[in-house]
Amino acid sequence: MSFKPDASPLSLPALRPEVASLPAYVPGVRAQTLDTAALASNESHFNPLPSVRQAVFGAAATMNRYPDAASVALRARLAQHLEATPDEIVVGAGSLGVLSQIMSAYCRPGDEVIFPWRSFEAYPLVVQLAGATSVPVPLRPDESHDLDGILAAITNRTRVIIICTPNNPTGVPVPHAELAKFLESVRSDVLVIIDEAYIEYATAKDTANSLALYRQHPNVCLLRTFSKAYGLAGLRIGYALATPGIAEGLRKAGLPFSVSALAQQAAITSLDARAEMLTRVQAVVCERERILLSLRSAGYDIPDSQANFLWLRCGDETRVPLEERFQSAGILVRGYARDGIRISVADAEANNRVINLLAAQATGAVSC
Ligand SMILES: *Cc1c(COP(=O)(O)O)cnc(C)c1O
């Protein structure tokens, strides 16, 4: 039997509707030339720490072998760092990998996941991939989490709530007292994820003591990453701290061997080099405060950031031309349709380029 050119089209295997309706992945703009400032992805602009580079090269010598699927050594090292036990720790391919394990472990079609919005753009993606339903709760006008709104959005289908502090892309944290009060009001059968991807940059006095809150609330799960302050974005490693029964379920929901030996070794060595990392963080925090002062005195209304980026809220009529100006100046920033622009903090030279561009823009009488 042969096909006729006018035969009806073959019926190809059908995608799950959740997958078919996802937008195709658009890769972020990547640094193109030496003088491009890569301020779009909140990465560390520092070169990898020498001890970590060396550990990764050492681990590469055995890349013909599978990694330790249980990440035993890393979980022991993290347990020591967090004053926890290894059975409370889940390691994954980035904290996004862990988040996707959380969704597959806890969410069935029709289950609801509540998160603030605007927040990390991967949240609706992992929720939809799991077949669950996203319940975004708008930020308040001052960019803070609307915790009362989140409580009001809880239904009997709610399985997971995500709190992002400091929030990406606004940099605004949830203060300890507010988070503590919020957790008192959440049903204990709802898993509350506290995503602390930028916690190392949080210097405010009222920064949430998430470890203490986790000890008080067994339904709380902390999510952290080595991608940002630790500078291991390219190696894909993050972790969760959760009550042993929850952590065990999350580990079961992970694909075996998804965290490479290179990543495990890099993470262990990074924890050993934490003091060096914190010195770098301090430099970024100083720069963050310097940019904030400059831009405010140029007339910009920018929220206090507790992360390694700053947020310019603006509508598309301001955002689109501003993004074009950044682009032609060789500065990569992250724009969000209808909401604004996020700019990562890097070295003084790159930051000065941002300040100069925005100050010139402001004297042109346009401000965000
Ligand atoms: C960058 C980021 C992550 C980290 O993702 P990884 O998968 O660990 O690289 C998680 N949450 C938020 C809010 C982020 O901005």
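In this predicted model, 14 residues surround the ligand, and the closest are Tyr198, Thr225, Ser227, Lys228 and Arg236. Sorted by class, the shell has 6 nonpolar, 5 polar and 3 charged residues. Which element gives the largest share of this shell? That is helix 4 (residues 94–106), with 3 residues.

| Residue | Part of the residue | Distance to a ligand oxygen atom |
|---|---|---|
| Ser227 | N or O atom in the side chain | 2.6 Å |
| Leu96 | polar backbone atom | 3.0 Å |
| Lys228 | polar side-chain atom | 3.3 Å |

Taken on its own, the ligand has 390 Å² of accessible area, and the protein covers 94% of that.

Let us turn to strand 12, which spans residues 340–344. Is this strand enclosed or open? Since 5 of its 5 residues are buried, strand 12 is largely enclosed by the rest of the structure. In a regular strand, side chains alternate between the two faces of the sheet. Here, Gly340, Arg342 and Ser344 point one way, while Ile341 and Ile343 point the other way, and all are buried.

Strand 12 also has partners. Strand 9 (residues 309–313) runs antiparallel to strand 12 and is joined to it by 5 bridges. Within this pairing, Trp311 has Arg342 as its bridge partner in strand 12. Strand 11 (residues 334–336) is antiparallel to strand 12 as well, and 3 bridges join the two. Here the bridge partner of Tyr336 is Gly340. Strands 11 and 12 form a hairpin with 3 residues between them. In the turn of this hairpin, Arg338 has a positive phi of about 70°.

Next come a few serines elsewhere in the chain. Ser100 sits in helix 4. With a relative accessible area of 35%, Ser100 is partly exposed. Ser270, by contrast, is buried, with a relative accessible area of 2%, and lies in helix 10 (residues 261–272). How far apart are Ser100 and Ser270 in space? Their C-alpha atoms are 24 Å apart, and the two residues are separated by 170 residues in sequence. Ser270 can also be placed relative to Leu49: the two are 221 residues apart along the chain, and their C-alpha atoms are separated by 8.0 Å.

Another serine to find is Ser144, in the loop between strand 4 (133–138) and helix 6 (147–152). Is Ser144 buried or exposed? Its relative accessible area is 9%, so Ser144 counts as buried, the cut-off being under 20%. The side chain of Ser144 makes a polar contact with the side chain of Asp142, at 2.6 Å.

Finally, here is a wider view of the chain. An unreviewed UniProt entry places the feature "domain: Aminotransferase class I/classII large" at residues 39–352. In the model, that span is 41% helix and 17% strand.

Technical notes:
Residues are numbered from 1 along each chain as its sequence is written. This is a predicted model: local features need pLDDT of at least 70, side-chain atom pairs count only at pLDDT 80 or more; totals for chains, interfaces and linings use all residues. Side-chain values use heavy atoms; hydrogens and water are left out. Buried means under 20% relative accessible area, exposed over 50%, partly exposed in between (1.4 Å probe, protein chains only). Helices (H or I, at least four residues) and strands (E, at least two) are DSSP runs, numbered from the N terminus. Two strands pair if DSSP finds at least two bridges between them. UniProt positions are given in the numbering used here, feature names are shortened, and annotations may be inferred rather than shown by experiment. A residue is near a molecule or strand if one of its heavy atoms lies within 4 Å of it. A polar contact is a pair of N or O atoms within 3.5 Å; within protein, one must be able to donate a hydrogen and the other to accept it, and residues adjacent in sequence count only if both atoms are side-chain atoms. Accessible areas come from the Shrake-Rupley method with a 1.4 Å probe; for residues, only the protein chains shown count as cover. Ala, Val, Leu, Ile, Met, Phe, Trp, Tyr, Cys and Pro count as nonpolar, Asp, Glu, Lys and Arg as charged, and the others, Gly among them, as polar.
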